[in-house]
Amino acid sequence: MADKKTAIVTGGSRGIGREVALSLAALGYDIAIVYIGDESEAADTVRDCEAKGVQAKAYVCNVASFEETKDTVAQIRKDFENIIALVNNAGITRDGLIAFMKESDWDSVLSVNLKGAFNMIRHTAGLFIRNKCGRIVNISSVSGLMGNAGQANYSASKAGVVGLTKATARELAPKGITCNAVAPGFIRTDMTKNITEDNSELLRTIPLGKMGEVSDVAEAVVFLLSSPYITGEVLRVDGGIAM
Ligand code: NAP
């Protein structure tokens, strides 16, 4: 038991979450990933984590649902020992100009990206408080720091994640729990598959002149999870976009 440590990674089936799960598995964390529907990608991630010699399991759960996240966290607590890390990474986009944005696109993005992180923190905080130990990393975005035209819903959700991170950090610091955020820029995943570096206008916005890789974000997450004295921080991984 003493040697066991478990991390929960939402949106761990693909993209950034998958790389975070694999990086943590390589450090000896058992891994519980939460995903919404891509069973084959989730199974691949579980298999690749297990290949690193740890226990891994995938849970279908809509992070936007208070009840589903409650039940899923309860199940993860039955399946795993010593849960010490939570990475709130699940996220979606439903882009559109604000003058035309559908109410449902506003609601779904806020529900998954912001309420999803709240739900997961809400259902793990009691455990972390009792254990006087816990590390939380929320994935925000440079869109939440700067705003992005065509992404009012996404930018608002990711700015909300920054506020949630700082409030949680202040509230849980006396219990020895840290809460930080990572704000990626343009990272090569399914979410950005329509963006190409042939678009020189995009490249001009990135001082380092290229898109980021999932490993760039995973390294930042691992760093924040490993640090006992950083809390309430927002670490940009954006090639310099929002400096
Ligand atoms: P991605 O490749 O589209 O993967 C999204 C992940 O979230 C998948 O695992 C998906 O599960 C899961 N997911 C989506 N809705 C969910 C829900 N309601 N409940 C549970 N899981 C759900 O995304 P990504 O690019 O890796 O992005 C990961 C995070 O980084 C997101 O929060 C995103 O906003 C943020 N981010 C990304 C970029 C970027 O450039 N890529 C930049 C800034 C911030 P399924 O596989 O089952 O669909």
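Guide: Let's begin with Cys-61, which counts as buried because its relative accessibility is 2%. (Buried means under 20% relative accessible area, exposed means over 50%, and partly exposed is in between, using a 1.4 Å probe and protein chains only.) Keep in mind that this is a predicted model, where local features need pLDDT of at least 70 and side-chain atom pairs count only at pLDDT 80 or more, while totals for chains, interfaces and linings use all residues. Residues are numbered from 1 along each chain as its sequence is written, and side-chain values use heavy atoms, with hydrogens and water left out.

Now for the sulfurs. A disulfide is a covalent bond between the sulfur atoms of two cysteines; here one is called when a pair of cysteine sulfur atoms lies within 2.5 Å. This structure has 0 of them. For Cys-61, the nearest cysteine sulfur belongs to Cys-49 and is 18 Å away. Cys-179 isn't in a disulfide either, with the sulfur of Cys-133 as its nearest, 14 Å off. At 1% relative accessibility, Cys-179 counts as buried.

Next, strand β2, residues 30-35. (Helices, H or I with at least four residues, and strands, E with at least two, are DSSP runs numbered from the N terminus.) Of its 6 residues, 6 are buried, so β2 is largely enclosed by the rest of the structure. In a regular strand the side chains alternate between the two faces of the sheet. In β2 both faces are covered: Asp-30, Ala-32 and Val-34 are buried on one side, and Ile-31, Ile-33 and Tyr-35 on the other.

What does β2 pair with? Two strands pair if DSSP finds at least two bridges between them. Strand β1 (residues 6-10) runs parallel to β2 and is joined to it by 5 bridges, with Ile-8 opposite Ala-32. Strand β3 (residues 56-60) also pairs with β2 in the parallel sense, over 5 bridges, and there Ile-31 faces Ala-56.

From β2 the chain passes through helix α2 (residues 39-50) to reach β3, in a right-handed β-α-β crossover. (Right-handed means that, with the strands pointing away from the viewer, the path from the first strand over the helix to the second runs clockwise.) There's another right-handed β-α-β unit here, made by β1, helix α1 (residues 15-26) and β2.
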